[in-house]
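Visitor: I have a new model on screen and would like to go through it piece by piece. Could you walk me through it?

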Amino acid sequence: MTKLKRILDFLKSLKARLIILFILIGIVPSILLRVGMLNSYGNRAVSIRTSEILSQAKILANKIVFHDYLNQSDSIPINAQLEQLSTIYDGRVMIIDDAFHIVKDTYRLDEGKTIVSEEVIKSYYGEEITKYDSENRYIELSIPLVNANSEEEEEQILGVMMVSVSTDSINLNYEYLSTNAMVIELICAFSVIFISVILGARLVKPFQKMSVSIDMVQTGYGEDALAVNDYTETKTICEKFNGMLGRMKVLDDSRQEFVSNVSHELKTPLTSMKVLADSITSMGDAPVELYKEFMEDIGNEIDRETKIINDLLSLVKMDKAAKSLNVTNVKINELLEQILKRLKPIADKQNVELVLESFRPVSADVDEVKITLAFTNLIENAIKYNKEEGWVHVTLNADHQYFYLKVEDSGIGIPEESLEHIYERFYRVDKSHSREIGGTGLGLAITRNAVLMHRGAIKVFSTEGEGTIFNVRIPLKYIS
Ligand SMILES: Nc1ncnc2c1ncn2[C@@H]1O[C@H](COP(=O)(O)OP(=O)(O)O)[C@@H](O)[C@H]1O
Ligand SMILES: [Mg+2]
């Protein structure tokens, strides 16, 4: 069973296909050629032999009529010629008169007997009949003996001449040729099979080489890149494979970086708490006020830890549930009003003016929770990274396809070299400042993910010291 499966598997391989193809191309034409040539040789030889005998027989028939052989069957020259014909062609000649009596039989078996056969009768009516019996291997012909000298209008048929000759010599030739052709063909076939097997193995080699290289890469022993340049195809596949490998490496690197960032970020509040707790216990009898103050600090650190974990959870949820957006029709104007109402206390605390401008009512198919998270983050950033007495303008607009949110602030701005990093997880332009105001560095990563999940786009423009503009574009109808 396994053996059969192995054979079937082999037959499915490129190598087997190539070998079979070569063999077919190499052997089938030669078989067809041999069979065709031999057949046409056989047919041609028989037809040449037939016409040869026919013309000989006709000449003889004329002489028979001329010498009135039917009445004088002891004519020596005619008998001699009949015998000659019969020996040369290894056959039998019979002369039959108009009473169906056999006047002459070169085999001397049936002389004097009567013969009534279809051919004889037909020939009496003037037909020339030639027949090849391929099974018993002889040519048979019967021709009328016509008295052409007759003065009368009508030609007179005096009798019939029947000749049957063996085609053994032709068959002998045929067999000889056939054997020779077969031997040559067998030699060719073996050479073709031999060459096919070698060539098949050769042609498939680059693919095997590739498979081995991939194995090496997988087990970590090979070079980092595949390079099998034997064929254009293998070269292309290798390039594609290397591209994929590169992308996987980048992914792996970013995953590792993320994990180490997460650990670090989660550890920071814990370290602070540990320091606070240790120092207060080592103090012995400290006043209650001091305890209270330290406990408050520890509480703040716990809040911070919770915030980081919550942000991380939001981010992970978005990665995982990329397909499962909970889309409903949401009135964006109302949603923004709510967000602003919630952020107003923070803005007031920093004396930042918060303004919402809606050009038209907008309702869109979005995931309300995720979009709220995204917009809150943008507006919160605009408030947090602002100056005293600054302002934040939030603008909502739409066309027939998208709605557009613009969050503009008069804040500290983002340095140009940081612009390409701000969407990275845990990235903050000024770590200590962000920490002071309770940032985790995950906000913009969450925002960007949410926007992209809605097939939207986000763009940032910023001038350091002057302010920042975030533009967001989201389709009104969700495209799944
Ligand atoms: N409106 C803004 N003005 C200036 N800097 C900003 C603004 N928004 C974001 N940034 C910068 O981008 C960084 C990343 O933002 P974000 O991912 O929301 O993290 P954070 O938790 O620090 O707010 C911030 O630390 C800040 O340096
Ligand atoms: Mg933020």
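Visitor: In what order do the strands of the open sheet with mixed pairing stand?

Guide: The order is S7-S9-S10-S12-S11, five strands in an open sheet with mixed pairing; two strands pair if DSSP finds at least two bridges between them, and helices (H or I, at least four residues) and strands (E, at least two) are DSSP runs numbered from the N terminus. Before going on, please note that this is a predicted model, in which local features need pLDDT of at least 70 and side-chain atom pairs count only at pLDDT 80 or more, while totals for chains, interfaces and linings use all residues. Residues are numbered from 1 along each chain as its sequence is written, chains are lettered from A and ligands numbered from 1 in the order in which they are written, and side-chain values use heavy atoms, with hydrogens and water left out.

Visitor: Which strands stand at the edges there?

Guide: Strand S7 (353-358) and strand S11 (457-463) do, and each has a single partner strand, so one side of each is left without a neighbour in the sheet.

Visitor: And how many bridges join S9 to S10?

Guide: Seven bridges join strand S9 (residues 391-398) to strand S10 (residues 402-409), and the two run antiparallel; Val392, for instance, stands opposite Asp409 in S10.

Visitor: Which helix lies across S7, S9, S10, S11 and S12?

Guide: That is helix H9 (residues 368-384), which runs at about 25 degrees to S10; axes are lines fitted to C-alpha atoms, for helices over the stretch in contact (heavy atoms within 4.5 Å), and angles run from 0 to 180 degrees between N-to-C directions.

Visitor: Switching topic, how is the chain divided into domains?

Guide: There is domain 1 (14-173) and domain 2 (323-475), with bounds that come from an automatic or database domain assignment, and their C-alpha centres lie 109 Å apart.

Visitor: What about the antiparallel sheet, what is its strand order?

Guide: Its five strands form an open sheet in the order S2-S1-S5-S4-S3, with strand S2 (102-105) and strand S3 (129-133) at the edges, each pairing on one side only. Three bridges join strand S1 (residues 91-97) to S2, and the bridge partner of Ile95 in S2 is Lys104.

Visitor: Where does H3 lie?

Guide: Helix H3 (residues 76-88) lies across S1, S2 and strand S5 (156-166), running at about 140 degrees to S1.

Visitor: Which of its residues are buried?

Guide: In H3 the buried residues are Ile78, Asn79, Leu82, Leu85 and Ser86, where buried means under 20% relative accessible area, exposed over 50% and partly exposed in between (1.4 Å probe, protein chains only). What covers the buried residues of H3 includes helix H2 (14-66), S1, S2 and S5, whereas the face turned away from the buried side carries the exposed residues Ile76, Thr87 and Ile88.

Visitor: What comes just after H3?

Guide: Asp90 takes a positive phi of about 55 degrees there, in the loop between H3 and S1, and Asp90 is partly exposed, with a relative accessible area of 46%. Phi of Arg108 is also near 55 degrees, and Arg108, in the loop between S2 and helix H4 (118-124), is exposed at 53%.

Visitor: One last thing, is Glu185 buried or exposed?

Guide: Glu185, in helix H5 (residues 168-219), is buried, with a relative accessible area of 12%. Leaving aside neighbours within four places in sequence, Glu185 is in contact with Ser30, Ile31 and Arg34.
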